[in-house]
Amino acid sequence: MKKYFAELVGTFVLTLLGCGTAVSLNCGIDTASVVGTALAFGLAVVAMAYTIGGISGCHINPAITLGCLISGRISGKDACGYMIFQVIGAILASCVLYLLVSTSPELALGTKTGANACAGTVTNGLIAEIVLTCLFVLVVLGTTDAKKGAGNFAGLAIGLSLVLIHLVGIHYTGTSVNPARSIGPALFEGGKALSQLWVFIVGPFVGGACAAFIWKLIGSDDDK
């Protein structure tokens, strides 16, 4: 159970610090708030990669877990356990964030990143989440590969790539690329975030699966 609880803690930290920063900076009102939020998510991943990476691998994202499952790096049982505890961690973090701002709702006004929603059409949002998640999970699979990976630098590479992903995606969807991180906040925000939640579950899962197949193609030891 240690690795499951590690995923809970890691996803809790990612959601609380990432979404908490988005709320605190009123993400989306200016460039500085977008950059600050992107850095928060990326740095949270770096911190957790070096904290729980040796325990669970630090997926803290169901899309990454799916990619690892398809790539044969994790069993179906562990994949289910990881995803369940990731969602629980995100919900607990959202509870804490809700308590922080519930007495002063104006603290959360203006942010588009606490809970995800499409700025344009649902189609645009779905495309963004599929493509960006694919790129992110591809980085994860590549840098953590036992033979071709980045070794101890994998966590840094993954965290910095998430910064880039957020800098691109916040304008379109608030950037999820992580179903668990979207489920928690959406349950408390409701409205558009909840009605469009399917986009932020389907998109990342499709993107994660695509990344797994791409890595099998380019990362295989088969020269054919």
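## The loop between H2 and H3

Cysteine 58 lies in the loop between H2 and H3, where helices (H or I, at least four residues) are DSSP runs numbered from the N terminus. The structure is a predicted model, in which local features need pLDDT of at least 70 and side-chain atom pairs count only at pLDDT 80 or more, while totals for chains, interfaces and linings use all residues. Residues are numbered from 1 along each chain as its sequence is written, and side-chain values use heavy atoms, with hydrogens and water left out.

The phi of cysteine 58 is near 55 degrees, a positive value in a residue other than glycine. Isoleucine 60 is also placed in the loop between H2 and H3, and has a positive phi of about 40 degrees although it is not a glycine. Most residues other than glycine have a negative phi. Cysteine 58 counts as buried because its relative accessibility is 10%, and isoleucine 60 counts as buried at 3%; buried means under 20% relative accessible area, with a 1.4 Å probe and protein chains only.

The 22 residues of H5 should span 32 Å at 1.5 Å a residue, and the end C-alpha atoms of H5 are 31 Å apart, which agrees; the expected span is 1.5 Å times one less than the number of residues. Among the buried residues of H5 are Gly125, Glu129, Cys134, Phe136 and Thr143, and the buried residues of this helix pack against H3, H6 and H9. Phenylalanine 136 touches Asn61, Ile64, Ile158, Ser161, Leu162, Ile165 and Val177, not counting residues up to four places away in sequence, where contact means heavy atoms within 4.5 Å.

The axes of H5 and H6 come within 9 Å and cross at roughly 175 degrees, the axes being lines fitted to C-alpha atoms, for helices over the stretch in contact, with angles that run from 0 to 180 degrees between N-to-C directions. H5 is therefore roughly antiparallel to H6, a term for angles over 145 degrees. Residues of H5 including Leu132, Leu135 and Val139 meet residues of H6 including Ala157, Val168 and Tyr172. By class, this contact has 13 nonpolar, five polar and one charged residues, with Ala, Val, Leu, Ile, Met, Phe, Trp, Tyr, Cys and Pro counted as nonpolar, Asp, Glu, Lys and Arg as charged, and the others, Gly among them, as polar.

## Helices H3, H7 and H9

H3 is mostly covered, with seven of its nine residues buried: Pro62, Ala63, Ile64, Thr65, Leu66, Gly67 and Cys68. These buried residues pack against H4, H5, H7 and H9.

The axes of helix H7 (residues 179-189) and helix H9 (residues 199-219) come within 9 Å and cross at roughly 175 degrees, which means that H7 is roughly antiparallel to H9. Pro179, Ser182 and Ile183 of H7 make the contact with Phe200, Ile201, Pro204 and Phe205 of H9, and by class this contact has six nonpolar, one polar and no charged residues.

Terms used: Helix = DSSP H or I, 4+ residues; strand = E, 2+ residues; numbered from the N terminus. Parallel < 35°, antiparallel > 145°, perpendicular 65-115°, else oblique. Buried < 20%, exposed > 50% of the residue type's maximum accessible area, 1.4 Å probe, protein only.
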